[in-house]
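Subject: Structure handover

Hello,

I am passing a structure on to you. Please open it and keep it beside this message as you read.

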Amino acid sequence: MEESSSFVRSVFVLCLVSSSVFCLDDSDQNATVLSSSAVYIVTLKDPPSVHSSSGRETDASKHSLTSTSSQTYRTSNRSAYLIRVHDSLLRKVLRKENYIKLYSYHYLINGFSAVITQQQAERLAARKEVHNVVLDYPVKKATTHTPQFLGLPRGAWPREGGSEYAGEGVVIGFIDTGIDPTHPSFSDKVPGHSYPVPPRFTGVCEVTTGFPSGSCNRKLVGARHFAESALSRGVLNSSQDDASPFDGEGHGTHTASVAAGNHGVPVVALYKRFGGFAADIIAAIDQAAQDGVDIINLSITPNRRPPGIATFFNPIDMALLSAVKAGIFVVQAAGNTGPAPKSMSSFSPWIFTVGATSHDRVYTNSIILGNNVTISGVGLACKSPGTRTMHKLVLAAHALRNGTTIMDAIYVGECQDSSSYDQKLVQGKILVCSYTVRFILGVSTVKQALITAKNLTAAGLVFYMDPSSTGFQMTSTPMDIPGILISSPQDSLALLQYYNTSLSRDNASGKIVGSASVARIVGGMKPTYGITAPKVMYFSARGPDPEDDSFQDADVMKPNLVAPGNSIWGAWSPLGIGTADFQGERFAMESGTSMSAPHVTGIAALIKQKFPHFTPAAIASALSTTASLTDRKGGPIMAQRTVLNPDATQTPATPFDMGSGFVNATAALDPGLIFDIGYNEYMKFLCGINGSSPVVLNYTGESCSAYNSSLAASDLNLPSVTIAKLVGTRTVLRWVTNIAATVTNETYTVGWKAPDSVSVKVSPAKFTIGNGETRVMSLVFRAIKNGSVASFGRIEMVGDRGHVVNIPVTVIYKIARFAMESGRSMSAPHVTGIAALIKQKFPHFTPAAIASALSTTASLTDRKGGSRATQTPATPFDMGSGFVNATAALDPGLIFDIATQTPATPFDMGSGFVNATAALDPGLIFDIGYNEYMKFLCGINGSSPVVLNYTGENCSAYNSSLAASDLNLSSVTIAKLVGTRTVLRWVTNIASTVTNETYTVGWKAPDSVSVKVSHAKFTIENGETRVLSLVFRAMKNDMVASFGRIGMVGDRGHVVNIPVTVIYKSAV
């Protein structure tokens, strides 16, 4: 087993937990008030310490590639003053009341968090010095051989003096579940290396019961913990963890070692295994920046999309914007909420967001059956002393002790309790267990099954895949006896079939007494390499980046990059309980974007070491423009699209899956050109969001009026272009700076691949740029065809000195000025025009009468007389009543009328294709009044308050209710037909050219349904109304929707059609 890999040399661990708690009144009274209180985050109008020193950047410095380092701000007096202001405000507003102040935020934002009541929060919000009061919210974790996979030993490390010195002097702050300071990954006991602590770093090493003096060293240079918000909620389990920087879960130790293990990088840890809250995280970020870290790693994400006018405006992201102003590069995990679109949990353009991929190492083993069939599986099993010895197999359900039945212990197949089994039946045999969905949910564990097998002295352990877990990916799990997890349903079936055919039974009772099946388990510790990788893992969160809570798309590409995040070895706290299968271990294999983020953090430290004056945006650019676009075999990087059977659904990855591509550590250290962004540009971007001025002032203490212009997100100088909505033509600018130290100038040739339905032009198409020089590039995008499906392209700049710079291009909605289009947006105005003709002819018609005229006269055939179809004959789900018939609609004969619209049906094309002529003479109309609609709404369970809210009318005023199928619609839809149902329809003759007309009724019944209509023939005079009884009976059980039609043919030429749909049928 390999130890965790690392990228940088010095380590700062800042495990943050505050010990300063201010309480008013007696503690017993506090206990009373806390029961009705919550944690609120309060921000004030005055600027924080980081914003109060020198104001905004100057125009001369905004693209200088020189970061304003956090140590520049020596603001202890300002910070002390702000803390006094916070305390004074609380005393004034909440005099003689109970509250608890948890934190004062003073460096990146000016504010505090406190446990207060809603009424107290409202009074604080009313104060003129207070800008915002928000309820605290929880966050969640986004949970080797990878240095070789990333090319570090022969690439980036040698360039920076070798692995021992890679990243030396760079301080990384990790905000996570803590750290195990005793782990060898964080030892500074390396001969010949002094691990100098950067003098700018001012952090401390917190000493607590769980984190004694001496826990830190010259590699692990600081540690604090912040958990006051979590403690105030009572979520700290003192039996499993304590309020200290020690990692009681394992997650923080793992992520820190991925970026910093073995070669030393500073670490900051924050929340513990009991979870985390924004109030604690902001305190950790604030302290980390004040202590002088260079990079912050956040392997945590919010558990919900932030509310408000934009996702960027949330306390954590805005605190990180201040950190970026202070020169700190911020890396955040994308989240493990994929593969759905817009599942991204990291939003802002100043945060570098990392998704997760696989790498090319796997651990495999196999089980050889007695019939010479070999089945492969996964597992990290120790080698059997006698790997050539065959052992008998015994199914867990066949090894129960006397008195235990499967009904007594329904989950005995999972092997979780050794007391359920007879040791004599298992001893010396391979125990066969079922891997069910409960293992995926964490209810059952492989580790517990191992304990069972060892207690029963089994020779080995094999898991077959239960049908409930089919499609889920199994991961390698350490086993200290020979063991294997069979991940294929087909192979699992082969194992069981072999076992079952070898069973022996008692002749008298038929009871199973044994099995002649044998097997041996081989392999399990030796990794294999060379599989196709990387590929974007199914759990990795995807773009597009949601701009707000209404799912509008932002002109910001997320994720920014992908890196290894599946089956990653790293350091582990032996006392950690985060993953049951690794309890007591010093190393663990974990998966998640939590693992991919620290890979990029470590590489960012190498970049910071080589280019100490790089701004955070410059580091982001170096990582992005050099990313790999192909896998190790030269093919496109693939992305898994489903949770179940993910490899069967993978397709080439887009920027929504992988951002700029897969991180390339070696190339990132020599990017050639840099796209830089200053703090001013981020502020102009935020100020350009509609209604943002008071929010910006709240978080930053700066007024948008101080900025002379605003920037759209697409105009930020990002190393990507994302346009959520392209209307006509848009021109965006990008400026690049040559930072290549080995050449004085370089000539770049620009090429591009345009997204579908978009034309692209870049100028200049060729340019020469000297070292330190900046050039502006004009990118013109034009929509040449309307489209609502995202399309992707790429702009590439190839230099004559070997540098290649790539930026991805994404355009989602395309709206051309003039175009031939398709879609329902084009069909709706056709019907609108025909409806105007009907309204002109029948000015007294209600909206529903117009709808009836259009629907009942719709065409049911194409222009050649065939069924209206695409690939198969169309159903009412495709075309509703049929194709609109304008002429017939003007004389419908009968009208089905509704005063207002009904809830939308699943039909795509309404009643069919519009027939303008027929719609002006429909003959019959199906009519219904407002009261019937109200009865229908009031009949919906629990609708009374909603109806009152929208209409101002009380449902009690209506004496009865109506089911939707009983509304007098010009169609019949029955979602669930149980036995027999009778519905009524009444028709009114509105034909102006005849005094009476005789209609003959016919019908085609839906499959599995019988239909009867009475009257089957009727004569109706002009202005007269007739009631029709429609009886539907389910002939057999069926869950597939079926379709029919009722037609009424008049002897004066009118034809009235109504579609019939029945979905679920249950015969009685």
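Predicted model: local features only at pLDDT ≥ 70, side-chain atom pairs only at ≥ 80, totals over all residues.

**Disulfides**

A disulfide is a covalent bond between the sulfur atoms of two cysteines. How many disulfides does the count come to? The count comes to 3.

Start with Cys415 and Cys433. Their sulfur atoms lie 2.0 Å apart. The torsion about this S-S bond is about -100°, so the disulfide is left-handed. The pair links distant parts of the chain, 18 residues apart. Cys415 sits in the loop between β16 (391-395) and α10 (423-426). Cys433 belongs to strand β17 (residues 430-435). Is Cys415 buried or exposed? Cys415 has 0% relative accessibility, and under 20% counts as buried, so Cys415 is buried. Cys433 is also at 0% and counts as buried.

Next come Cys687 and Cys704. A disulfide joins them, with an S to S distance of 2.1 Å. The torsion about their S-S bond is about -85°, so this disulfide is left-handed. Cys687 is in helix α18 (residues 679-687). Cys704 is in the loop between α19 (693-700) and β31 (721-727). These distant parts of the chain are 17 residues apart. Both cysteines, Cys687 and Cys704, are buried.

Then look at Cys938 and Cys955. They form a disulfide with their sulfur atoms 2.1 Å apart. Here the torsion about the S-S bond is about -85°, so the disulfide is left-handed. Where do the two cysteines lie? Cys938 is in helix α23 (residues 930-938), and Cys955 is in the loop between α24 (944-951) and β43, so the pair ties together parts that are 17 residues apart in sequence. Cys938 is buried, with a relative accessible area of 15%. Cys955 counts as buried at 11% relative accessibility.

**The sheet**

Strand β43 also belongs to an open sheet of 5 strands. The order is β43-β50-β49-β45-β47, and the pairing is mixed. Which strands stand at the edges? They are β43 (972-978) and β47 (1017-1021). Each has a single partner strand, so one side of each is left without a neighbour in the sheet. On average, neighbouring strands are turned by 25° against each other, direction ignored.

Inside this order, look at β49 (residues 1042-1050) and β50 (residues 1055-1066). They run antiparallel, and 8 bridges join them. Val1049 stands opposite Val1055 in β50.

Best wishes

Note on methods:
Residues numbered from 1 in each chain as written. Heavy atoms only, no water. Pairing = 2+ DSSP bridges. Helix = DSSP H or I, 4+ residues; strand = E, 2+ residues; numbered from the N terminus. Axes fitted to C-alpha atoms, helices over the stretch in contact; angles between N-to-C directions. Disulfide = S-S within 2.5 Å. Buried < 20%, exposed > 50% of the residue type's maximum accessible area, 1.4 Å probe, protein only.
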